[in-house]
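Subject: Structure handover

Hello,

Please find the structure below. My notes on what was found in it follow.

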Amino acid sequence: MSDSLKLALLGCGTVGGAVLRLLSEQSDDLAARIGRRVEVAGVAVRRPDRHPEVPAELLTTDAEGLVTRPDVDLVVEVIGGIEPARTLILAAIGAGKSVVSANKTLLAEDGVALHAAAAEAGVDLYYEAAVAGAIPLLRPLRESLAGDQLRRVVGIVNGTTNYILSRMAETGAGFGEALAEATEAGYAEADPTADVDGFDAAAKAAILASLAFHSPVTAGDVHREGISAVSATDVARAAEIGCTVKLLAICERVTGADGADDAVAVRVHPAMIPTTHPLAAVGGAFNAVFVEAEAAGELMFYGQGAGGQPTASAVLGDLVAVARNRLAGAAGPGTTGYAGLTVRPMADTPTRYHVSLDVADLPGVLATVAQEFAAHGVSIATVRQDGHGDAATLVIVTHRAPDSALAATVTRLREMSAVRGVTSVLRVEGL
Ligand code: HSE
């Protein structure tokens, strides 16, 4: 084998450390698979004194100097966040290096510009680890399914919230109690905002939608609701109708009434899904993504969505791919934003709601409630009444209607004198 390929590593936290370890442990196998050895040329970190495990001669604080070094071929970015990651990746691309990144935040904000820079430089930009950790998902979307038409991509792409919702379903706990348990168990970070408020899932949804529908979608385009308002009552109501509550990232192609104005709808919110749906079985901190394609039909991708080793597996898979491309003098698939579909606002996106109401069991109450749905053009799919007298509960599941019509219906129900309380409102998916 001739000269080795030289790798610059940006960041050496949990994922970067695991990348270095696997590179060392599997160096012979990787060399055989790539056709050339990969040698670490340097590791850029902010505090070299915090990395005694890395040979001192490899450590540097000069990240830009490292990624533009003439002998460096490949750059792995596992710093995360927008800056300095963006500047460093652009510098690396500008200097002709192929880049592997695990940075969902950056790709979801600036993927188009980064892809354009990579295309212009004729180098690779791969980021399998940015969505759903170890699960091979982005390259299947970019490559294996490139001959198909995707209709929907629905995923559980945040392990922290899936752990919390799973514990709520298993124990009957409320959100606060389950979050405390997740923090104690090391699944939730000290500041859980990015996970529980859906920011992490929204960035991943934007990346998935961009690839699935060949259209630029940014995190800001994604309708986002987190799980902090999901109550023990919501989870119990879900169980009563044969459902479970999951935080879903839903990317779908939607068609206008006249069939002409195709668009994409991208949203992250908690939803009830039937316990028979493949995603309902995804428990704990696991991730899974369900894909519906015209020709392939339904596909499911499942595995570990976080953690040093699983994420490093995805990074190394990309590293092998970009190294092979480099040796072949080629670049892999770039951006495919050719379809240019617009993002439909959430208000116009068709959804289904489950609504539970406490009502008085008197003549005409059901008719009054049903009239409110009708007035907003919302068709009811099922109604169930539990109890009677003062303690009656109505459980209503609608057909699909524009989300704004469903939300307006619920607003009106809260104001009705016949309704003592709206005890649970959640969207329903997959029925
Ligand atoms: N914090 C994420 C999760 C993993 O809980 O799944 C990194 O995106």
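Is A132 buried or exposed? A132 is buried, with a relative accessible area of 0% (buried means under 20%, exposed over 50%, partly exposed in between; 1.4 Å probe, protein chains only).

This is a predicted model, in which local features need pLDDT of at least 70 and side-chain atom pairs count only at pLDDT 80 or more, while totals for chains, interfaces and linings use all residues. Residues are numbered from 1 along each chain as its sequence is written, and side-chain values use heavy atoms, with hydrogens and water left out.

Backbone. A132 has a positive phi of about 60° without being a glycine. H214, also not a glycine, has a positive phi of about 50° and counts as buried at 16% relative accessibility. H214 sits in the loop between α10 and β8 (223-224); helices (H or I, at least four residues) and strands (E, at least two) are DSSP runs, numbered from the N terminus. The E83 to P84 peptide bond is cis, with omega near 10°.

The largest pocket has a volume of about 1200 Å³ (the space filled by probe spheres set on grid points joined across faces, edges and corners). A pocket is an open set of points on a 1 Å grid over the protein atoms alone, where a 1.4 Å probe fits, with protein on both sides within 12 Å along at least five of seven lines; lining residues have an atom within 4 Å of a point. Of its 45 lining residues, K104, E189, D195, D200 and K204 are the closest to the centre. Helix α10 gives the most to the lining, five residues.

Regards
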